[in-house]
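Hi,

Here is the structure I promised to pass on. Have a look at it first, and then read my notes below.

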Amino acid sequence: MFELLGIPPQVLFGQLLLGLINGSFYAVLSLGLAVIFGLLNIINFTHGAQYMLGAFGAWMLLNYLGVGYWWAVFIVPPIVGVTGIVLERVLIRRLYHLDHLYGLLLTFGLALIIVGFFRQFFGVSGLPYPPPPLLTGGHNLGFMYLPNSRAWVIVASLIVCLATWFIIEKTRLGAYLRAATENPTMVGAFGINVPLLVTLTYGFGVALAGFAGVLAAPIYAVNPNMGADLIIVVFAVVVIGGMGSILGSILTGFGLGLIEGLTRVFYPEGSAVVIFVIMALVLLVKPAGLFGRSV
Amino acid sequence: MATDTNPIAMATITSVGAAGMPRHHLAIFAALFVFLIAAPFLLYPIFVMKVLCFALFACAFNLLLGFGGLLSFGHAAYFGMASYVSAHAAKVWGLTPELAIIAGTLVAAVLGLAIGSLAIRRHGIYFAMVTLAFAQMIYFFSLQAAFTGGEDGIQAVPRGHLFGLIDLRSSEVLYFFVLAVFFAGILLIYRIIHSPFGQVLKAIRENEPRAISLGYRVNRYKLAVFVLSATLAGVAGATKAIVFQLASLTDVYWTMSGEVVLMTLLGGMGTVFGPIVGAAVIVTMQNYLATFGDWVTIGQGIIFVVAVLSFREGIVGVLAKWIRKPL
């Protein structure tokens, strides 16, 4: 087999695959943040906690009700989305007339409450979630071994990302949504129920986070803290990509995951900070973000 | 942010005492001073020192948020990094405590300059996310760097001799040193707020395009206040390392950034005395609820939510409204 810069291909492709998986989570989570930000103008700090809720949702379905993974993929995201809708209706809605920074502070407080409760009742050691039989095996591709569970995460998140792109860019509902992002008052004047649209959008963005959580459950341990550090990296992804474009968010997410994987091969010490370094460079060169509109 | 809730904006004509300070401010500073002189004899000195360090941290943060209108979600970076450098300087280099604190403060200032000059390129929510992300980068750096001791932190930092003369091992003696640092810090912040520079900051906070059209180089002012705030946060962190003889990852993690936001919000952002009150309340809460584990986190989250939804003026902001004088 060939070697690249003295690195065995198994290692290189293995890390690239891991990077692509991280990239899948970055893409789905930053997409959710971008969708919410587009219409609500708030940065949803609770996103990490809602991702964690998705993983715990799958775990609870399996352990309390005996409902397996494949059902959880379809059941949990809407449930997490509904909890988001409740939050939006009861709390977040009250802040739309204020500075957007209050939305950030409120959702930060909500994240503390949710994560605190799960830490109190489930501990921080992490709970195992056995992968379903279909995902346990793998395929030998010749140059590397591809575990099914990993392949599934990448395929599933790609499908969800592209479906989201299609809904927003190509359907009538998406057209309302984009119009309401530009000018909510005008869209309301045409008889569209904008507050309902806002609520549903928040629910949808949160459901995306829940979906990412379900995907994460069999790969990572189910842990109350699983979303906390991840969401900060996703914030950096969002700053790098800018939140103006849906496809931009998806590309940035996967791309940064790959770069992170490559860094882990060539300079492991830098893998934790490489995304932040890229953020610094992007701020220097193109402050609005790669796909962003003005500041 | 929060033009409607800013007590400074409703400043009425107030009687001015010595040194250009309104008389009621002078009275509050005097009362605070007397109380803090007596405090170590009434309360556990280490606890009061902890409150003082966090109060200075919150006041430094408030300088940026309350007066500069910039929400940094990564102030733990300056607090924590200064604490590491100060602990390292005192323990490994054997510097006297005041020099160790100066070393930590300088590093915080440089860090503030580096991160601030990048962060001010974005506004509002993006600014908050950028500062948070950079602070997380500093956290990962602290986790991996050799001198920080990773998960263990830097332990058993010697308190040393102040100026090489005064032995600080006794908490009572150390207390008065910390008190001096604290008062110097908040009086400096008070001076900054009420200087022409501080007035320009308020103008930028209220209406940035207008400040630009008046010819102010807005970004320079923003960067200056960012660096000042980071530096003063560094003083607080560096002093805390000497007091607790410990520098650890807790001080540089994002939860610490969140806590200082909470202290400022609860006490009243944009007020002079609010962050002190907020810090006292939060540190006391942590102290007495420490045995309840994660309920502290839940409690902080609830305070956050309640404060944002229905208590945006904060404790001191509400008091200021009652007495119709800026506090």
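**Where the two chains meet**

One thing to keep in mind: this is a predicted model. The contact between the chains draws 34 residues from chain A and 37 residues from chain B. On chain A, three helices each supply at least two residues of the side that touches chain B: helix 4 (100-122), helix 9 (226-241) and helix 11 (274-285). Helix 4 of chain A gives the most to that side, with 15 residues. Sorted by class, the side of chain A that touches chain B holds 26 nonpolar, four polar and four charged residues.

Which residues make the contact? From helix 4 of chain A they are A:His100, A:Leu101 and A:Leu104, and from helix 5 of chain B they are B:Gly124, B:Ile125 and B:Ala128. By class, this helix contact has four nonpolar residues, two polar ones and no charged ones.

**The nonpolar core**

The largest nonpolar core has 203 residues. The residues with the most contacts inside it come from both chains: A:Ala236 and A:Met279, plus B:Leu56, B:Phe57, B:Met81, B:Met129 and B:Ala133. Helix 2 (residues 45-67) of chain B gives the most to this core, with 17 residues.

Leaving out residues up to four places away in sequence, B:Ala133 touches A:Ile232, A:Phe235, A:Ala236, A:Val239, A:Phe276 and A:Met279.

**What the record says**

For chain A, an unreviewed UniProt entry lists "transmembrane region" at several stretches, including residues 149-168 and 265-285. In the model, residues 149-168 of chain A are 100% helix and 0% strand, with the end C-alpha atoms 29 Å apart. Residues 265-285 of chain A are 67% helix and 0% strand, and there the end C-alpha atoms lie 26 Å apart.

Chain B also has an unreviewed UniProt entry with that feature, and among the stretches it places there are residues 51-79 and 125-147. How far apart are the end C-alpha atoms of residues 51-79 of chain B? They are 14 Å apart, and the chain over that span is 72% helix and 0% strand. Over residues 125-147 of chain B, the end C-alpha atoms are 34 Å apart, with 87% helix and 0% strand.

Cheers

Methods: Residues numbered from 1 in each chain as written. Chains lettered and ligands numbered in written order. Predicted model: local features only at pLDDT ≥ 70, side-chain atom pairs only at ≥ 80, totals over all residues. UniProt positions renumbered as here; feature names shortened; annotations may be inferred. Helix = DSSP H or I, 4+ residues; strand = E, 2+ residues; numbered from the N terminus. Contact = placed C-beta atoms within 7 Å. Nonpolar A, V, L, I, M, F, W, Y, C, P; charged D, E, K, R; others polar. Core = buried A, V, L, I, M, F, W, Y, C linked by C-beta atoms within 7 Å. Buried ≥ 20, exposed ≤ 12 C-beta atoms within 10 Å, placed from the backbone.
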